[in-house]
Amino acid sequence: MRRGLSWLACLTAGLFAVAGAMLAAGAGPGPGFFPPTRECEVVYAGSIGSLPEGARELSVWIPLATDREGQKVLERDIKLPVPFEIHRDPVYGNEMASIQLAESLPEKIDFEVRYRVLLSRKHFLETRETS
């Protein structure tokens with residue numbers, strides 16, 4: 001048992017030494033670690049179902065990502081099987097997809113919002129340093 005513990009202690013110490021050397025060389029969280037900008041895809045999906053028996057109206061608001069400091073939405077694709085409208089909050093500028101249905105409600109509504117987003121490292125690092 002002692003032999004196993006000493007092997008584990010050496011491995012742990014070695015990993016900390018490598019991580020420390022990487023941080024000292026600028027390979028950790030900082031300008032050398034994150035690219036200036038990063039493009040990514042985000043998928044937000046869900047299902048609305050199990051409506052109460054006898055329900056005659058349905059009102060749903062789905063939050064949508066928008067441009068803000070450090071984030072630029074390059075593409076947004078909203079897939080909904082029912083009509084919807086996009087509304088913007090006049091105070092904060094947040095957007096939402098609104099579904100308003102009456103009578104003959106579907107049993108289930110599946111939705112998907114797919115984004116292609118450009119993120120900025122500068123804003124991310126500044127936010128982390130001030131937190």
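Thr-66 counts as buried, because its relative accessibility is 15% and the cut-off for buried is under 20%. Keep in mind that this comes from a predicted model. Where does Thr-66 sit along the chain? You will find Thr-66 in the loop between strand S2 (57-64) and strand S3 (71-79). If we set aside its neighbours within four places in sequence, Thr-66 is in contact with Gln-71, Val-73, Gly-93 and Glu-95.

From that loop, let's step back to the whole fold. The protein chain has two helices and six strands, and reading along the sequence gives the pattern α-β-β-β-β-β-β-α. Of the contacts with a separation of 6 or more, 76% are between residues 24 or more positions apart.

Now for the interior. In soluble globular proteins, nonpolar side chains tend to be buried together. Here, the largest nonpolar core holds 18 residues, and Ile-62, Leu-80, Ile-99, Leu-101 and Ile-109 touch the most other members. Two or more residues each come from S2, S3, strand S5 (95-102) and strand S6 (108-120), and S6 gives the most, with five residues.

Leaving out its neighbours within four places in sequence, Ile-62 is in contact with Tyr-44, Leu-80, Glu-95, Met-96, Ala-97, Ile-99 and Phe-111.

Buried residues make up 20% of the 131 residues in the protein chain. The chain exposes about 9,900 Å², and carbon and sulfur atoms supply 58% of that area.

Definitions and conventions: Residues numbered from 1 in each chain as written. Predicted model: local features only at pLDDT ≥ 70, side-chain atom pairs only at ≥ 80, totals over all residues. Heavy atoms only, no water. Helix = DSSP H or I, 4+ residues; strand = E, 2+ residues; numbered from the N terminus. Buried < 20%, exposed > 50% of the residue type's maximum accessible area, 1.4 Å probe, protein only. Contact = heavy atoms within 4.5 Å. Core = buried A, V, L, I, M, F, W, Y, C linked by side-chain atoms within 4.5 Å. Areas by Shrake-Rupley, 256 points an atom, 1.4 Å probe, with all protein chains shown as cover.
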